[in-house]
Each structure stands twice: as structure tokens, then as C-alpha cells.
Amino acid sequence: MMLTLRRARLAAANGEEGIAIILVIGVGAVLMLLVTMALAFSLSGVVKARSDQDWNGAMSAAYAGIENYKSKLANDNTYQQYGNPAAPFSSGSAVTLPTGTDTNLAFGIGTSGTWATVEGSGGAATYRYEVDSSKYSSSGTLRVRSTGRVGSTTRSVVADLRQQGFIDFLYYTDYEIQDPALSGDSVTTCTKYAWAGRPSSGCGEIAFGNGDVINGPMHSNDTIRACNATFNGIATTSYNPPSGNRYTATDSNNNPCSGQVFTATSTPTNNPTYAPVITMPPTNGAMKQDSRTDLASVPNPGCLYTGPTNIVFNADGTMTVRSPWTEATQVVGSPATSGTTPSMCGSVGTGSNQLGSTGGQTLPVPAKNLIFVQNVPGTSTDPNYWPTSGKYSHPTSYSRKTCRTSNGIGYPTTNEVVDSVATSYGCRNGDVFVKGAVNAQVTVASDNYVYITGDITYVDAQADILGIVGNASVWVWNPVSESCNWWCSYSSLLPNNRTINAAILSVGHSFVVQNYGRGGPQGTLTVNGAIAQEFRGIVSGGNNGYVKNYNYDARLRYIAPPKFLSPVSTSYGISVLVEVKTAMNADGSPITP
């Protein structure tokens, strides 16, 4: 009996052992499956992480390409001429490849083309970019498509770049003083910044005050005087003391004042922001080169007129131009040695509907281009030359005494009193007289004065844009008559109020109201655009002149009037940056739509 029980126990023990083995094998299989699944999941995560890393890295590389191109522009302000003309994105652009030491690997195209390496990536991240400069002359905008590459991943972005300059501000001034040519102050003593040692008196300093409101960004290279004035845009100055205000809280007579407000200051204090000096070019002479037909850099020359020239813009997209001294409207060489008269700029002569006729000629505004008015040349080889004496020293429409009493195209006007015809309306000066309803994108520039003789408005406030650049002053024409008995009084010859839609630049002098201290109150001077000047211009004096109403045209952050003048040194800002469909594969082959 005992033997039988023991054998039964042994049999039971042997059965449990078999079950245990089965359980061990089963659990092991499950564990192996879990390990395999975990490993597979981990590996897929590594692949995805690497893919995400490459995806983000390719975008960073594309951005690096944009920054590299911007740095090229900053070091060479003519770099917009370079690019790969074979690149699809550059179609229609007059670009060439830089050579020699200037060779740029980022201009490579195709499977055999080069890529530039992102600095610090050890070659893991690269980029290429293509340049579209087709709109540079018309709007000042360069478009760049940059493609970044990391591993087998590529991504592309497109950026619009525009030069930062005078039109970035509603109000830009180099010196916060009245033009010494008008004040009679010493040019040598006064033409320096207050923070660089200009005397605190005797130089005609002008303050923002009397409730002045600047509705837009403004910059002064000089020290700003502010007295009960409000700056509703970002205000910057090149005056940067180690402590205290970056402006002077006094009026033009050095009397302390308060009430000034800088609403968009970048610091917690009521203070302008520091910014480096933005240097005015010495002249606008470079703009005249855009009327030359012998320069590869000028694929679309503008129109050149000579001597006093009157321009009236018409709402139908035309302009009426009177310019009796003009002989050639596009030229070759500098100084010019020959010239032509393309129909786009008008017909030379005194016949009906010609430039020299009494009524001038009506023709389409040169689209997205420049109109330049030059002084009568004194070089006999110039196609627009006129001798200074003798029978042929003036147009046939002028008499011998015309230039002693006027400029021959209606200025001074009837009953207008001027201090000197020769200095105000010189007969051989490159002065332009402009007004009207602008239905175009165009810039008007002059060797001498610009006179704004009436309202300048836009037919389409979104599409139309006008640039005005005077080498000397830009005058708001304000003629007065004189009546003298026991004393002399003056009366304005024009209706009150003036509206000017334009980006305005006076290179060597000021934007200023003619006879600002005569003729009584003139109402409101409304400027919608931008004003830049060498010296502060005056618009009112005593109970005379205009009340200011200046407003920034926000479109100028993104576009510029055609062929507008830029500062001596400038940087490019990104006005638009967007990701676009990837332009090419990792091997450089294009991705077709």
C-alpha cells in the first residue's frame, strides 16, 4: 500500500513538471514577441526622429541661404546684378554669374551643380538660392528662392527683400536746423550734428512743438528737440548719450518744455530709440544714369528733359509735359555725347502737341520708370547743349529778354512777387513743376528744384505711387502778391489747403513751403507718403503758412517708387517670407509642377 502511494506521488510530480515547461516556453515566446515589437517600435521612432530632424534642418538651411544672400548685398550694394540666368526662378532677370574670387556656390543648379554649406554644419546642411531681380528697378524689390538640403530632404522658401532707406520713415532729417541757404547761418559752423558739437544757438534749430503730431515712423541723425509734440510711430535718433533722454526737452529758443510723447518707444521710458546714422548721398546725380541707353545695368531707360519743365499728371494715365530746352530725351555717355528722342518721352519741337509748344505734349506716363530734369548742359558735345550767348542761346519760343523776367514756361505767375527771378526760377535750371492726378508708378527727379504747384493725388491709392527727388529744395509752391502803402502786405495767389501723395526727398536742402512767412494762413498741408530732407523745412511762420497733417503710406514698407534714391550705405530687410513648394530634389534635379 505504501509503495502504491509513493508511485502515485512520483507520477503526479512528473505531470506538474511538464506543465511548468510548457508555461516557461509560452512566457518566453510572449516576452520575445514584446521585445521584438519594442525594438521595431524603437527603430521606427529613430527613423521618424531622424526624418523630423532632417525636415527641420532643411528649413533652417533654406533660411541660412536667405541670410547669406542678404550679407552679400550688405557687403556689395550692386550684388543684385548676380545670379544664375539659367535658373528657372531667374527667368526674365538680367543677372550674371560672379566669377573668380567672387564665385558663389549657392548659384549652382541641376544635378551637377554646387551647393553652399551652412556654416558650422560640417557639410551636413547645404543650400542654393535663385534671384528674381525683374522688379528691382520698378519697386526696389528683390525676390529670392532658397532651397535647403539635409540628407535626402529639401525645403524651399521665397523672400522679398527691399533696401532699408529714407522711405522707411514718414519723416527723416539729417540736420535739425533750418537750411543755411535760407537762414544765412554759417554752413561751416552749423552743418554738424548737435551731439557732435554744433553750437546751441545761432544755427536756426527747429523743434517739434505746438501740438505737432507725427503719425508714422521717423528718424533724425541729429538730436531731436521736442516740445509738446506727439510721435505716434517708432521714433529713432542717432543721438545716444550714456544716460538720460535721447532728445532735448526745449523749444527752438532753448526754453524748457513738456508734453512730448513717444508712444511707440522700445523702452519703458518716454524716449526715442537709438539708430545709427543714415547717410544722405551727396547728390541725386546717379539717378540721371537711368536715362542712358548704353548701360547694360539700365535695361529700361527713363526720360530725360532739359531746363525748366512743367509736368501735369492726368487721371487717364497720361501726363502733359512742357520742356522747351529739351533736344534729346535719352542719351549715351556721361557726360553725354549723343542722344535720341524715343516716342515714349515725347516729340522735340514747338509744333502742336510737342514738348516745346505753349500747351506742351500729352503722352502716357512712362510705366514704372524715372523722369529726370537736368540743368541746361554747358558742354558743347552734349546733345542738349545750348550756348550761353548769341543768336542760338535759347529756344525759338523765347525772346531775348525772356530769361531776364521769367523761366519761359509761366513762372513767376501773374502778380507774383519773388526776391529774385534768377534764384527762384532760373531760366536754364533743371527745375520741374509738378501737380495732378497720378495714375501710374513713376519717380520725378531734378538737378535743381522741384516745385509742387498744386494737389498731387492718386487715382488708385493701392496701385499708384509717386517719388519726388530734388537735388536742391522741394518747394510747396505758394506764390504771393504784394501791396504796399505805409507798409507792405502780402496775399496768397492760391486757394487754401494742399494735398500731396508722394515719397519726397530733398537731397541737399529741404522740403519747404515757399513764402512760409507771408500771405496769411493757408489751411492744412496734408502729406500722405514720406518726407526726407537734409535740413528741416519750415511750413509756417507766425500767422502764415500751413498746419501740418503728415501721414505715412504703409505700402512704402514693401515697395519703393521706381528707381528711387537710396542712402549711401544701406541694408536689406525682409518684407515677405513664405515657404513654397520645394523647388528641387536632394540630387539637385528640379521638381516640376
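Reader: Which strands form the open sheet, and in what order?

Author: Strands of a sheet pair through backbone hydrogen bonds, either parallel or antiparallel. Here three strands form an open sheet, ordered 6-9-12, with parallel pairing. Strand 6 (208-209) and strand 12 (247-248) are at the edges; each has a single partner strand, so one side of each lacks a neighbour in the sheet. Strands are DSSP runs of E, at least two residues; helices are runs of H or I, at least four; both are numbered from the N terminus. Two strands pair if DSSP finds at least two bridges between them.

Reader: How many bridges join strand 9 to strand 12?

Author: Two bridges join strand 9 (residues 224-227) to strand 12. Arg225 stands opposite Thr248 in strand 12.

Reader: What kind of model is this, and how are residues numbered?

Author: This is a predicted model, where local features need pLDDT of at least 70, side-chain atom pairs count only at pLDDT 80 or more, and totals for chains, interfaces and linings use all residues. Residues are numbered from 1 along each chain as its sequence is written, and side-chain values use heavy atoms, with hydrogens and water left out.

Reader: How much space lies in the largest pocket?

Author: Rolling a probe the size of a water molecule over the atoms shows where empty space is left. The largest pocket holds about 1300 Å³. Its lining has 41 residues; closest to the centre are Gln80, Tyr136, Ser137, Asp290 and Ser297. A pocket is an open set of points on a 1 Å grid over the protein atoms alone, where a 1.4 Å probe fits, with protein on both sides within 12 Å along at least five of seven lines; lining residues have an atom within 4 Å of a point. The volume is the space filled by probe spheres set on the points, and grid points are joined across faces, edges and corners.

Reader: Which element gives the most to the lining of the largest pocket?

Author: Helix 2 does, with three residues. The lining divides into 17 nonpolar, 20 polar and four charged residues. Ala, Val, Leu, Ile, Met, Phe, Trp, Tyr, Cys and Pro count as nonpolar, Asp, Glu, Lys and Arg as charged, and the others, Gly among them, as polar.

Reader: And where does the largest share of the second largest pocket's lining come from?

Author: Strand 33 supplies that share, five residues. About 610 Å³ of space lies in the second largest pocket. Among its 27 lining residues, Gly209, Asn210, Asp212, Ser540 and Lys548 are closest to the centre.

Reader: Is Ser133 buried or exposed?

Author: Ser133 counts as buried, at 13% relative accessibility. Buried means under 20% relative accessible area, exposed over 50%, partly exposed in between (1.4 Å probe, protein chains only). Ser133 lies in the loop between strand 2 (125-132) and helix 2 (136-139). Leaving out residues up to four places away in sequence, Ser133 touches Gln80, Ser93, Ala94, Val95 and Leu142. Contact means heavy atoms within 4.5 Å.

Reader: Where are the cis peptide bonds and positive phi values?

Author: Most residues other than glycine have a negative phi, and most peptide bonds are trans. A cis bond joins Ser334 and Pro335, with omega about 0 degrees. Another cis bond joins Tyr411 and Pro412, with omega about 5 degrees. Asn254 has a positive phi near 70 degrees and lies in the loop between strand 12 and strand 13 (261-262). Asn497 has a positive phi of about 75 degrees. Asn497 is partly exposed, with a relative accessible area of 43%.
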